[in-house]
Amino acid sequence: MKNDIEAKNAEIIPSVESFLATDKASIPSLSVIKQLAIAIEAGKKSKSVKSLLASSAGSSSGKGKPGLNLSTVRALVLREKEEKISTTFRHDERIQSLIRSLFDAGGDFLRRNITSGSEGTIAASLPRDIHGAPPDSLLVKISEVIGSFRSLRKMTLFWCRIVDEMRRFWSEEQYIPGIPIDEIPDLNSCLLYQRFQVINCCLSRKRRHEIASDSLDVVLRVASSNTESGTSEVTVPANSLLYARLNNGELALRLGADCPFSNLTMLETGEKVYSPITQEGPLLTEDVIKETEEFVLRTGSVGAGCSQLLSDMQAFKAANPGCILEDFVRWHSPPDWTEPEPSNGSVHSSIASDSRGQLSSRMQKEGNLWRELWDTSKAVPAVKQTPLFDEDLVVEGILTDLEDLPTTELYGPLFLSLLGLGFVMAEAKLAEDNNLSKLFYECKDYVVATCQGSSWNNKVDDICQVYETVETMMVNPDEILKAMKQAEESNMTTSVLKRRFKKLSLNLVGKDEQTKKSSARNANSDERLSSSTQTFSSFFDSKSSLLAKKPPKPESTSATPVENGWTLV
């Protein structure tokens, strides 16, 4: 039995060597794209990753049938067999080697030659247009590896192994390679990539928090040593961040101060205003933004914004002993503060009745939220406050979600991310080809228009056929050119082409919006999209604002035959 399991795994586990042998200038293989497309179609029958694995293991077979009848015994045998396969798979040395290669930040595993510079920037916009992932990101490499398996169950098991490794990286405070270490989520990329970004960004925030905490400890130690020395009069060194002098002449510690804010001084004491180290706001992925909007519309709550404002007030008070609300407003919301006009004899309100300036009318209203929060806030540096955004809790939630993603949220982004890499690399080669560029851009425009639609995952077969055309242009352009020449010489009509080349017949409609995007790409785009309706075939028959933190300051176990010659296990 063990030998049978190992033999079965050997047939479906790609090796690291096979990936290392991949030509860095070649686009991802059509077979990999197709396998991800198959996973999208098959995944529609399962709600999530775990349910897919459970159904493919036969866990529900014989459910509710009393006694050890034949069906129950068969289900138990199949389940035991699948569990052995899964265990062997997860501990297979080839799987471990793939994982190590993927997460090796300095390695050369699946590193492609991607065009850089201004032209490359334009070309690389396609992954964002189709809501994929950056071509050089870890997620694209994961997509290519997962698509190289020939079993939906093994593809899903490998994803679970990826999540395990990400969890290990987080626990050891290591950044996920191939993902920016401190960037807010890119809402133009897929949700899967956004979540990867959040994990790295949370790690950066934790490190900044540790640095700020250590800095505060240094300040407290210095203050403690001054007190123990019995010195009642402390001479404040120039540019010192430690103390601020109060109205009564006493010195008070500045806690959590970052740097002087412009040339601003406190109205009451004349001491410099320092920007405090504040708590960072939440990291918003597209799903969190949607949930927040729905919550606010449903409840009318702005609690999160108030919590951030209160936190900023507490940090400001700690960094600026002797400050008043007006000082905070001048730092946090300059538009709500009016500087005095020279030689203005008017009488200001009681809140700011001197010549220093005054608060805006909304700040002077009775029951103003800012004044209420200010009166209740205490001087507490950010590192000592209750966290507004718990990095550990957020990352644990993400990793838990990744373990049981809806299948459409897993294989859809993997498909689009790898598709984006293929088109970026193809454009770098075909854009300057006078014979093939027009056909390539028709393919590209169709893919962008289709993938921007809400039902794109119902058209994965058509997208695969378009990709097949692009791949043939890359590896065998003469075949495409020959078919195009034959079509021109015989003056065949569109209907004749459809009958002769049955693999693909897609309607490419040049929409105004798409035309605008294409015109920025090159000067010939208008010519490519000038026809209101264009039809092309594969030319080969045998190969197919709520409250802003700061306003602006100035499957089954049986083998299932699938089209295109693949077998789903």
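Guide: We can go through a helix pair and a loop residue.

Guide: This is a predicted model, where local features need pLDDT of at least 70, side-chain atom pairs count only at pLDDT 80 or more, and totals for chains, interfaces and linings use all residues. Residues are numbered from 1 along each chain as its sequence is written, and side-chain values use heavy atoms, with hydrogens and water left out.

Visitor: At what angle do helix 3 and helix 18 cross?
Guide: Roughly 160 degrees, with the axes of helix 3 (residues 30-43) and helix 18 (residues 407-430) coming within 9 Å. Helices are DSSP runs (H or I, at least four residues), as are strands (E, at least two), numbered from the N terminus. Axes are lines fitted to C-alpha atoms, for helices over the stretch in contact, and angles run from 0 to 180 degrees between N-to-C directions.

Visitor: So how is helix 3 oriented to helix 18?
Guide: Roughly antiparallel, a label for angles over 145 degrees.

Visitor: Which residues make the contact?
Guide: Among them are Val32, Ile33 and Leu36 of helix 3, and Tyr411, Leu414 and Phe415 of helix 18. Contact means heavy atoms within 4.5 Å.

Visitor: New topic. Where is Leu267?
Guide: Leu267 sits in the loop between strand 3 (257-265) and strand 4 (272-276).

Visitor: What does Leu267 touch, leaving aside neighbours within four places in sequence?
Guide: Ile324, Glu326, Asp327, Arg330, Trp337 and Arg356.

Visitor: How many Å separate the C-alpha atoms of Leu267 and Asp327?
Guide: The separation is 6.7 Å, and the two residues are 60 residues apart along the chain.

Key. Parallel < 35°, antiparallel > 145°, perpendicular 65-115°, else oblique.
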